[in-house]
Amino acid sequence: MAKRNLKWQRDPEGMRLRILEAAKQEFATHGLAGARVDRIAAEADANKRMLYYHVGKKDDLYLAVLEGAYEKIRGEERGLDLEHLAPPDAIRRLIEFTWTYFLRNPEFLALLQTENLARAKHLKRSSKVKSLHSPFVEMIRTVVRRGVDSGDFKVAVDPVQLYISIAALSFFYLSNSATLSVIFGRDLLSQRAKQERLTHMTSLVLSALTGQAAALFQLPKMPRLPRTAQQPV
C-alpha cells in the first residue's frame, strides 16, 4: 500500500489515465449498471479512494470516459488533413477513417449503445462534448462548400446529416453483424466483406454528393492513412 500511494503521488496524471482506461474497458464490457468500481480500481492498480479523488464517483467516472472517447475520435479526425484534399478525396478519407476507427475501437460503439439506452442522460451534463463537435461540423461544411464551388458536388448538403449518414452506414453494419451474418449466410466481418463494405459506402455517399452513378466509383487511389488509423483488428 505504501508503494502504491507513493506511485500515486509521483505520477497523479498517469494514475488518472490508468483509471480512465480501466473504466473504459469495464463500461464497454458490462455497461453502466453492470460495471463495478472495485474491478476498475484493481485493473488500474489503484484503490477506491484514489479513484474518487482523481475522477469522482461512478457516474462521474462514466461521464469522464464518454468525454474522453469523443475527445479521442474528434482529435484523430482533425489530423485527417481534409482541408488540403480535393473534396471527393476528403469525403473518401472521412468515410475510410470512420469505418476503420469503429473497427479498431469496438469499445467506442459499446459506450454509444450504453448511453443511447440511457437516453443520453449523462452526456447532457457535458459541456465539453458539445464544444468538440462544432469545429468538426464546420470542417465538413467547408469540404462540402468547396465541392459545390468546384463543381464536384451537386448540392450543399447539411454537414450534420452527412456525417450521421456516414457514421450510420458503418455503425449499423458493425453493431448488427452477428445477426446479419446469420440471416444472409455471410461472414460480414471477413477481410473481404469489410473491404466490400467500405467500397459500397464510399460509392453510395459520393454518388449522392456528385450525382454520378455509384458504379463509377472505385477504391480511392490516394495517400494511405497513417498505419494506426487504417489497421482494423
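This is a predicted model: local features need pLDDT of at least 70, side-chain atom pairs count only at pLDDT 80 or more; totals for chains, interfaces and linings use all residues.

## Rings that pair up

How many aromatic pairs does the structure hold? There are eight. One of them brings together Phe27 and Tyr62, edge-to-face, at 5.2 Å centre to centre and with 75° between the planes. This pair links distant parts of the chain, since Phe27 belongs to helix H2 (residues 12-34) and Tyr62 to helix H5, 35 residues apart. Are these two buried or exposed? Both Phe27 and Tyr62 are buried.

Another pair to find is Trp99 with Tyr173, also edge-to-face, with 5.5 Å centre to centre and 70° between the planes. Trp99 is in helix H6 and Tyr173 in helix H9 (residues 159-175), so this pair ties together parts that are 74 residues apart in sequence. Trp99 and Tyr173 are buried as well.

## Where H6 meets H9

Now zoom in on those two helices. H6 and H9 pack at an angle of about 35°, and their axes are 10 Å apart. The crossing of H6 past H9 is right-handed.

Which residues make the contact? On the H6 side you'll find Ile91, Leu94, Ile95, Thr98, Trp99, Phe102 and Leu103. Facing them from H9 are Leu162, Tyr163, Ile166, Ala167, Ser170, Phe171, Tyr173 and Leu174. Sorted by class, the contact has 13 nonpolar residues, two polar ones and no charged ones.

## Two loop residues with positive phi

Finally, check out a couple of loops. Asp81 lies in the one between helix H5 (58-78) and helix H6 (87-104). The phi of Asp81 is near 60°, a positive value in a residue other than glycine. Asp81 is partly exposed, with a relative accessible area of 35%.

Ala120 sits in the loop between helix H7 (106-117) and helix H8 (128-150). Here too phi is near 60°, again positive in a residue other than glycine. Ala120 has a relative accessible area of 23%. Buried means under 20%, so Ala120 counts as partly exposed.

Methods
Residues are numbered from 1 along each chain as its sequence is written. Side-chain values use heavy atoms; hydrogens and water are left out. Helices (H or I, at least four residues) and strands (E, at least two) are DSSP runs, numbered from the N terminus. Buried means under 20% relative accessible area, exposed over 50%, partly exposed in between (1.4 Å probe, protein chains only). Rings of Phe, Tyr and Trp (its six-membered ring) pair if their centres lie within 6.5 Å; planes under 30 degrees apart count as stacked, over 60 as edge-to-face and the rest as tilted. Axes are lines fitted to C-alpha atoms, for helices over the stretch in contact, and angles run from 0 to 180 degrees between N-to-C directions. A crossing is left-handed if the near helix is turned anticlockwise from the far one by less than a right angle, and right-handed if clockwise. Contact means heavy atoms within 4.5 Å. Ala, Val, Leu, Ile, Met, Phe, Trp, Tyr, Cys and Pro count as nonpolar, Asp, Glu, Lys and Arg as charged, and the others, Gly among them, as polar.
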